[in-house]
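Subject: Structure handover

Hello,

Here is the structure I promised to pass on. Please open it next to this message and read the two together.

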Amino acid sequence: MILSSNKVFVTIASSMILASCGSPSIISVPIENIDSIPLKNMDLTENQLKNWNSFDLVSDTIPGMSVNKAYTELIQNKKGQKVIVGVIDSGVDIEHEDLKEVVWTNPKEIKGNGKDDDNNGYVDDIHGWNFLGDSEDENLEFVRIMKKLKPKYTGKTLASVAEADRGEYQNYIEAKAEFEKEYQENSGQKIQYEQILQLSEASHKAISAALGKEDYSKEELLKTEAKTAEMQQYVAFLAQMFGFMDPGDTIPDFIKSIKEGIDHFTEQLNYNLNAEFDGRTVVGDNVDDITDTKYGNSNVMGPDPKKEGLKHGTHVAGIIAAKRNNGKGMNGVAQNVEIMAIRAVPNGDEYDKDIALALRYAVDNGAKVINTSFGKYYSTHPEWVREAIRYAASKDVLIVNAAGNEGTDLDQKAVYPNDQTDNNTEIADNFITIGALNYVYGSNLVADFSNYGKSNVDAFAPGVKIWSTTPNNSYEYLQGTSMAAPAVAGVAALIRSYFPSLKAAQVKQILMDSGLNTKTSVVIGGEQTNVGSFSNLSKSGKMVNLYNAFIMADKLSK
């Protein structure tokens, strides 16, 4: 399941452990003592919001990753090596104006000849591989578990089940309960959103006619002459809706978000939670056989590039590596990068088999960093994915993973994929999990949707309202830990580009150790009554910072 936040409404950073670099080539001093930075009380301008993840906390009072500062003061005209970043996601618009120049091309494959020229097991894999074939929509994992086990356990009780089957029976009961809860909640939310949309559209039509314009502020709304009880109701309703909106958003933006919410709940009910739906048949493989690998195709954009499914992977790719300084929509974090597009995440929960094979594909075809912005809370073959993570570690490949968007403590509830089997012991040293930050430095520093965990989340990075590439040469704001992970993947790619002698495990440690921390208390999980120390929400207690990471990498490489 892709990890951009499904919350329609969304209601940093720290002290460095380094004293100085000591390197003859980089003599800059790391950013530190940021708790003395004043809070930014003004709303961000449109330009600031579109670029906030690149800003610097000290100079801008915006908790970005100091990307611009790093390029200006440290990277400048230095030469780096090309780094391939594997993006395992919903697909990537490889024809996008801001991405087409940074898409990986397999140098050993001849396009369109119908042959596996490089003998890697994949025919015509010019820019990556599509493990989903023509499939787009999928059930959630607990729905698949319930469907698979229902014939065996319907009408059974724990006492009537053979002892050897009781673990499986319990999985069935849990999956069934989760299905019933989620179906009821999504049905109710869809109805609620439809009611809000109806009233929003009626209110907005009346107010915009009275004011003579579509876009108006809350102040203008409240000054509207409301002579009738109906108009008074419209004004009061929209004034209340302004309270759910981000600064700078308008009522048309709000209505668009509500419509997107309705679409989300509709897809949940039609596909993700529909026990009668089977999205895998068109692929034609056995999902429980990891040796059955002859499936999928080379179309990394999927069967319908104009559908919403391609948006997520395209947005992720842009955050990492959209062509810098080309005068187009945005700058990716990293230069010297090629994006290897691997389509393995449907609209619904991914299959463990696809993810395991996708990780191995990326590793075997030269990726040095892999981004995994997806996750689920049920897994049928987690061992396959963990074996692939270990394989990536053996080949010196770093995996940057999104923590998830339920505001959950992952030390208490496991999410997949992960690199821990008991919430304590890591299976490899090349897997880093990232939570999401808000653009407001202060108590609301942590995104209200972001998962966290002192053991299972490693660090935080910008993930609220991130501007990036979307299909058909467009750009949009999306948010989620899905957007935080690729920001860190971009930082990792830069480190591996300019300091190629550093191993994946070293890069992971640099990302964690060089980050900024803060002693301030922050709201956790969006609950204003749930306040805790930012340093206790991840293993490092820090937010990733490119400027400091570059300085530390330079020191360590020498």
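First, the ground rules. This is a predicted model, in which local features need pLDDT of at least 70 and side-chain atom pairs count only at pLDDT 80 or more, while totals for chains, interfaces and linings use all residues. Residues are numbered from 1 along each chain as its sequence is written, and side-chain values use heavy atoms, with hydrogens and water left out.

**The sheet**

(Helices, H or I with at least four residues, and strands, E with at least two, are DSSP runs numbered from the N terminus. (Angles run from 0 to 180 degrees between N-to-C directions; axes are lines fitted to C-alpha atoms, for helices over the stretch in contact.)

Trp129 has Ile342 in β3 as its bridge partner. (Contact means heavy atoms within 4.5 Å.)

**Strand β5**

Now look at β5 (residues 398–402). Is β5 buried or exposed? 5 of its 5 residues are buried, so β5 is largely enclosed by the rest of the structure. (Buried means under 20% relative accessible area, exposed over 50%, partly exposed in between, with a 1.4 Å probe and protein chains only.) In a regular strand the side chains alternate between the two faces of the sheet. Here Leu398, Val400 and Ala402 point one way, and Ile399 and Asn401 the other.

β5 has a parallel partner in β4 (residues 369–372), over 4 bridges. Val369 stands opposite Leu398 there. β5 also pairs with β6 (residues 431–437), again in the parallel sense and over 4 bridges. In that pairing, Ala402 has Ile434 of β6 as its bridge partner.

**Cores**

Which residues touch the most other members of the largest nonpolar core? They are Ile320, Ile339, Val400, Val491, Ile495 and Leu511, out of 112 residues in that core. (A nonpolar core is a set of buried Ala, Val, Leu, Ile, Met, Phe, Trp, Tyr and Cys residues joined through side-chain atoms within 4.5 Å.) Helix α12 (residues 481–498) gives the most to this core, with 12 residues. Another core lies apart from it, with 33 residues, including Val283, Met340, Ala362 and Ala367.

Leu511 belongs to helix α13 (residues 504–513), whose buried residues also include Ala504, Val507 and Lys508. The buried residues of α13 pack against β5, β6, α12 and α14. Leaving out residues up to four places away in sequence, Leu511 touches Leu398, Ile432, Val488, Val491, Ala492 and Val544.

**Helix packing**

α3 (residues 67–75) and α14 (residues 546–557) pack at about 35°, with axes 8 Å apart. Among the residues in contact are Val67 and Leu74 of α3, and Tyr547 and Phe550 of α14. The contact residues divide into 8 nonpolar, no polar and 2 charged. (Ala, Val, Leu, Ile, Met, Phe, Trp, Tyr, Cys and Pro count as nonpolar, Asp, Glu, Lys and Arg as charged, and the others, Gly among them, as polar.)

**Backbone details**

- The peptide bond from Tyr416 to Pro417 is cis, with omega near 5°. Pro417 lies in the loop between β5 and β6.
- Asp396 is a residue other than glycine with a positive phi, near 65°. It is in the loop between α11 and β5, and is buried at 18% relative accessibility.
- Asn473 has a positive phi near 60°. It sits in the loop between β8 (466–470) and β9 (474–478), and is partly exposed at 39% relative accessibility.

Best wishes

Technical notes:
Two strands pair if DSSP finds at least two bridges between them.
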